[in-house]
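Try each task on your own before reading its solution.

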Amino acid sequence: MNIYIIGAGIGDSAHATTLNMGQGACQAIEDAFVLSECLHKYEITKAFSEYQKLRLPKAHQVVKASWLVGKMAHLKNPILIGLRNQMLRLTPTSVNRKQNELIFQLAEI
Ligand SMILES: Cc1cc2nc3c(=O)[nH]c(=O)nc-3n(C[C@H](O)[C@H](O)[C@H](O)COP(=O)(O)OP(=O)(O)OC[C@H]3O[C@@H](n4cnc5c(N)ncnc54)[C@H](O)[C@@H]3O)c2cc1C
């Protein structure tokens, strides 16, 4: 039993996330939801492997995106800051909306 829990941790223990997107607790809650659904649907070994399969790509995507947002937010070079600000101004709303939709999409169990 412990082996499964270590192999498929939830929340920060599995995917500690920088604060930049306000997603750490959200992702931990999503983990708990998906894991409970998997435990309801499958026997225990399959439940944990399905949970990992369902959650890993999105959790990692959020960790990486949050890290990148932090890097961009803390730029020191004035030229890079100007480029970042210009890029953000020029990013179409539809792109931002699409990214938000991906964050709020739940895995199909
Ligand atoms: C300043 C700040 C702002 C944040 N803002 C946001 C936000 O706006 N939105 C968002 O979604 N997320 C935010 N987060 C991230 C969020 O707080 C975490 O991602 C979330 O709390 C992770 O939940 P967790 O249950 O995995 O871990 P934790 O909340 O860290 O819970 C782990 C628990 O385990 C306990 N524990 C540890 N070791 C042991 C042990 N050996 N035995 C028994 N108990 C133990 C700890 O005391 C703790 O209570 C923020 C974090 C910080 C620091």
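**Exercise 1.** Does glutamate 50 count as buried or exposed, judged by its C-beta neighbours inside 10 Å?

*Solution.* Before counting, note that this is a predicted model, in which local features need pLDDT of at least 70, side-chain atom pairs count only at pLDDT 80 or more, and totals for chains, interfaces and linings use all residues. Residues are numbered from 1 along each chain as its sequence is written.

- Step 1: recall the cut-offs. A residue is buried if 20 or more other C-beta atoms, placed from the backbone, lie within 10 Å of its own, exposed if 12 or fewer, and partly exposed in between.
- Step 2: apply them. Glutamate 50 counts as buried because it has 20 C-beta neighbours inside 10 Å.
- Step 3: Glutamate 50 belongs to helix H4; helices are DSSP runs of H or I with at least four residues, numbered from the N terminus.
- Step 4: find its partners. Leaving aside residues up to four places away in sequence, glutamate 50 touches Cys38 and Tyr42, where contact requires C-beta atoms, placed from the backbone, within 7 Å.

**Exercise 2.** Describe how H3 and H4 pack.

*Solution.* Start with the geometry.

- Step 1: the axes of H3 and H4 are 9 Å apart, at an angle of about 160°. Axes are lines fitted to C-alpha atoms over the stretch in contact, and angles run from 0 to 180 degrees between N-to-C directions.
- Step 2: H3 is therefore roughly antiparallel to H4, a label for angles over 145 degrees.
- Step 3: from H3, Gln27, Asp31, Val34, Leu35, Cys38 and Leu39 meet Ala47, Glu50, Tyr51, Leu54, Arg55, Ala59 and Val62 of H4.
- Step 4: sorted by class, this contact has 9 nonpolar, 1 polar and 3 charged residues. Here Ala, Val, Leu, Ile, Met, Phe, Trp, Tyr, Cys and Pro count as nonpolar, Asp, Glu, Lys and Arg as charged, and the others, Gly among them, as polar.

**Exercise 3.** Which residues surround the ligand, and which element gives the most to the shell?

*Solution.* Collect the shell, then sort it.

- Step 1: Gly11, Asp12, Ser13, Thr17, Leu19, Gly22, Gln23, Gly24, Ala25, Cys26 and Ala28 surround the ligand, each with its C-beta atom, placed from the backbone, within 6 Å of the molecule.
- Step 2: helix H2 (12-15) and helix H3 (24-41) are the elements giving two or more residues.
- Step 3: H3 gives the most, with 4 residues.
- Step 4: the shell divides into 4 nonpolar, 6 polar and 1 charged.

Key: Angles under 35 degrees count as roughly parallel, over 145 as roughly antiparallel, 65 to 115 as roughly perpendicular and the rest as oblique. Two residues are in contact if their C-beta atoms, placed from the backbone, lie within 7 Å.
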